[in-house]
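Subject: Structure handover

Hello,

Here is the structure for your files. My notes on what was found in it follow below.

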Amino acid sequence: MVRKILGFSISLLLAAAWCAPPLRAQEHGSSVVMREGRAVVTSDPAKAQAWEKEKKRKEKQATRIVYPLLNGYSVGVDLWGPGSYAVGNDALTVEVSADVNLKNILLPTVEVGYAKIDSWSDGGSHYKTAAPYFRVGVDYNAFSQKAFQHKLLVGLRYGVSRFKYDVSSLSVEDDVYGGTINPNMEDDVWGGTVPYDYKGMKATMQWFEFCIGLRAHIAGPIFMGWAVRFKFDISTKADEHAVPWYTPGYGRHCEGTKMGISYTFIYKLPF
């Protein structure tokens, strides 16, 4: 019995001796910090704080998702253009896109499309054009460190289109105020009037877009994406007789910032 008591007392003394240095260190303003799996005592608060920051940084790096530089390729088809045309829009747009996923952060993107319109206004003006267009840019994925495959994308685009267009106008009698709307042009040579009708005029337009949208993972390699595009005219070179009011890829011209929408079916390639 005495031996058991003596052994128990020796164990308590050894335990107290083991814990005493850290306790004394804390009493004298020192800190105990875990470094590389062992306790380290320091009396320098700045050093203790630096060690703690390093520990948190390493813990954050350990939980960070690391993707390869080339993280996949995707192709897409825009559904908004054909869909809006099917329900009555007078402009038809067909567009395909391709992008490269870099470390799940940046997605350089190329978009190629074809648009046409053949429309009469209520005032008797006729406008017609059909031409391809091209856009290139990059998207930033704000969800790059999320465990899911959905993407919140913010990006920029540069767009350009070279096209021909026709503009004509009919003389329409104004039953309210009298006279005519869109009167014909005066013929200074032979006299009388001639219709306002110009065909095959050439124009080139450049613009850039600010885009924000969401790409949702549906299943396997299938994604659906929608985006809102704010478009800004950079330059327009048009014929001297008439300026275009619709540009393929850009849309109808309007005062201020133009906004567009895209809704895309996307397939991630298996390589």
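A residue counts as lining if it has an atom within 4 Å of a point. Grid points are joined across faces, edges and corners, and a volume is the space filled by probe spheres set on the points.

The model is predicted: local features need pLDDT of at least 70, side-chain atom pairs count only at pLDDT 80 or more, and totals for chains, interfaces and linings use all residues. Residues are numbered from 1 along each chain as its sequence is written, and side-chain values use heavy atoms, with hydrogens and water left out.

**Overall**

The chain has three helices and 16 strands. These are DSSP runs, numbered from the N terminus: helices are H or I with at least four residues, strands are E with at least two. Of the 271 residues in the chain, 31% are buried. Buried means under 20% relative accessible area, exposed over 50%, and partly exposed in between (1.4 Å probe, protein chains only). Take the contacts (heavy atoms within 4.5 Å) with a separation of 6 or more: residues 24 or more positions apart account for 62% of them.

**Cavities**

A search of the whole structure finds two cavities of 30 Å³ or more. The largest cavity holds about 300 Å³ of space. Its lining has 25 residues, and Glu111, Arg157, Arg215, Arg229 and Thr264 lie nearest its centre. Two or more lining residues come from each of E3, E4, strand E5 (106-120), strand E7 (151-169), strand E12 (196-219), E13 and E16. E12 gives the largest share, five residues. By class, the lining of the largest cavity has nine nonpolar, eight polar and eight charged residues. For these classes, Ala, Val, Leu, Ile, Met, Phe, Trp, Tyr, Cys and Pro are nonpolar, Asp, Glu, Lys and Arg are charged, and the others, Gly among them, are polar.

The second largest cavity has a volume of about 30 Å³. Ser74, Val75, Gly76, Ser97, Ala98, Asp99, Arg215 and Ile266 line it. E3 and E4 are the elements that give two or more residues to this lining.

The largest pocket contains about 450 Å³ of space. Its lining has 22 residues, with Trp80, Thr93, Lys231, Gly251 and Ile261 nearest its centre. Helix H3 (80-86), strand E4 (91-102), E6, strand E13 (222-237), strand E15 (251-252) and strand E16 (258-268) each give two or more residues. E16 gives the most, with five. The classes come to seven nonpolar, eight polar and seven charged.

The second largest pocket contains about 150 Å³. It is lined by 15 residues, and Asn71, Asn101, Asn104, Lys151 and Lys268 lie nearest its centre. E3 has the largest share, four residues. Here the lining divides into five nonpolar, six polar and four charged.

**Aromatic pairs**

Rings of Phe, Tyr and Trp (its six-membered ring) pair if their centres lie within 6.5 Å; planes under 30 degrees apart count as stacked, over 60 as edge-to-face and the rest as tilted. There are eight aromatic pairs by this rule. Phe143 and Phe148 make an edge-to-face pair, because their ring centres are 5.5 Å apart and their planes stand at 85°. Phe143 is partly exposed at 23% relative accessibility, and Phe148 is partly exposed at 38%. Elsewhere, ring pairs link Tyr127, Phe163, Tyr165 and Trp245 into a cluster.

**Two residues to look at**

Thr247 sits in strand E14 (residues 246-247). Is Thr247 buried or exposed? Buried, at 0% relative accessibility. Thr247 touches Ser161, Phe163, Met205, Trp207 and His253, leaving out residues up to four places away in sequence.

Ala130 lies in strand E6 (residues 125-141). Ala130 is partly exposed, with a relative accessible area of 39%. Beyond four places in sequence, Ala130 touches Tyr114, Ala115, Lys116 and Lys164. Ala130 and Tyr246 are 116 residues apart in sequence, yet 10.0 Å apart in space, C-alpha to C-alpha.

Best wishes

Notes
1 Å grid on protein atoms, 1.4 Å probe; cavity = no way out; pocket = protein on both sides within 12 Å on 5 of 7 lines; lining within 4 Å.
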